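Please find below a note on the model under review. The comments are arranged as numbered points.

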Amino acid sequence: MKYYITTKDTPFDAVILGAGDFPSNSIPLTILERAPYICCCDGAGATLMRHGVMPDAIIGDGDSLDEEFKKKNANIIHLVHEQDDNDLTKATRFCLNKGLTNIAYLGATGKREDHTIANISLMLTYKNKWGISPTMITDYGYFVPAKGNNEFETFKGQQVSIFNVSCTRLAATGLRWEPYVFEHLWQGTLNEATGQHVIFECNGDYIVFLTHEAKEKV
């Protein structure tokens, strides 16, 4: 599979906005502005509305929303009280039931670090369990879950980090440093694209992070 560089013009079926740090970079902000459908996780709905944008749906258990807000926006609030899944997963299931599968996740990092790690790891679950094409976009870059052999469009100097999950064979061309079967999450971080493509040859699951901008030379 070929993955393209995520830019302001990248088309998505929907945006799911988490309750982490609200985007400030122009790339996620423009993707949010152009989204054909916006589904917010609980309190992120109120945050989005304070930024002047009305979401299409707000999903969660409602614990971050006051009663007045719930009454005023009852037509777009869908309460899901089960606690087996977090709000990000509830919102993902809601979008999937609408046939929306190419999803950009914004506001899913920042604030609590345990939530950030959990949300990043969920990208693989959504891809493998539900067949979704998820991209988690932050102010600094984007996370893409991958499996097996893949090609990523890159640019020279783009920073690339690889988080091995289940690969027992992991190789790639187009990177400054040759990867291997990393045993620890930190080992695949801070690599660098040498050109316009990085081609992975893998036999399992992994997550790739690519920066929006090239590394500054000092």
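The points below go from the overall dimensions to individual strands, a helix, the cores and a loop glycine.

1. Basis of the note. The model is predicted: local features need pLDDT of at least 70, side-chain atom pairs count only at pLDDT 80 or more, and totals for chains, interfaces and linings use all residues. Residues are numbered from 1 along each chain as its sequence is written, and side-chain values use heavy atoms, with hydrogens and water left out.

2. Overall dimensions. The protein contains five helices and 14 strands; these are DSSP runs numbered from the N terminus, helices being H or I of at least four residues and strands E of at least two. A compact globule of 218 residues would have a radius of gyration near 17 Å, and the 18 Å of the protein agrees with this; the radius is taken over C-alpha atoms, and the globule rule is 2.2 Å times the number of residues to the power 0.38. Along the principal axes, the C-alpha atoms fill a box of roughly 55 × 35 × 30 Å.

3. Surface and contacts. The accessible surface amounts to about 11200 Å², and 52% of it belongs to carbon and sulfur atoms; areas come from the Shrake-Rupley method with a 1.4 Å probe, and for residues only the protein chains shown count as cover. Of the 218 residues, 50% count as buried, that is, under 20% relative accessible area, with exposed meaning over 50% and partly exposed in between (1.4 Å probe, protein chains only). Among contacts (heavy atoms within 4.5 Å) between residues at least 6 apart in sequence, 64% join residues at least 24 apart.

4. Strand β2. Strand β2 runs parallel to β6 (residues 102-106), to which four bridges join it; two strands pair if DSSP finds at least two bridges between them. Leu17 stands opposite Leu106 in β6. Strand β3 (residues 38-41) is also parallel to β2, with three bridges, and Cys39 is the bridge partner of Ile16 there. Between β2 and β3 the chain passes through helix α1 (residues 26-34) in a right-handed β-α-β crossover; right-handed means that, with the strands pointing away from the viewer, the path from the first strand over the helix to the second runs clockwise.

5. Helix α4. Eight of the eleven residues of α4 (residues 87-97) are buried, among them Leu88, Ala91, Phe94 and Cys95. The cover over the buried residues of α4 includes β2, β3, β4 (57-60), β5 (77-79), β6 and α5 (113-130). Gly99 follows α4 and has a positive phi, near 85°.

6. Strand β9 and its sheet. In a regular strand the side chains alternate between the two faces of the sheet. Strand β9 (residues 150-153) has Asn150 and Phe152 on a covered face and Glu151 and Glu153 on an uncovered one. Two bridges pair β9 with β1 (residues 2-3) in the parallel sense, where Tyr3 stands opposite Phe152. Four bridges join β9 to β13 (residues 197-202), which runs antiparallel to β9; here Phe152 stands opposite Val198. The open sheet has four strands in the order β1-β9-β13-β11, with mixed pairing. Strands β1 and β11 (170-173) stand at the edges, each with a single partner strand, so one side of each has no neighbour in the sheet.

7. Nonpolar cores. A nonpolar core is a set of buried Ala, Val, Leu, Ile, Met, Phe, Trp, Tyr and Cys residues joined through side-chain atoms within 4.5 Å. In the largest one, of 39 residues, Phe152, Ile162, Phe200 and Tyr206 touch the most other members. Beyond its neighbours within four places in sequence, Phe200 is in contact with residues including Gly148, Phe152, Ile162, Ala171, Tyr206 and Val208. A second, separate core has 25 residues, including Ile59, Leu88, Ile120 and Ile132.

8. Gly174. Is Gly174 buried or partly exposed? With 22% relative accessibility, Gly174 counts as partly exposed. Gly174 lies in the loop between β11 and β12 (191-192). Its C-alpha atom is separated by 6.7 Å from that of Ile199, 25 residues apart along the chain. Leaving aside neighbours within four places in sequence, Gly174 is in contact with Glu192, Ala193, Thr194, Gly195, His197 and Val198.
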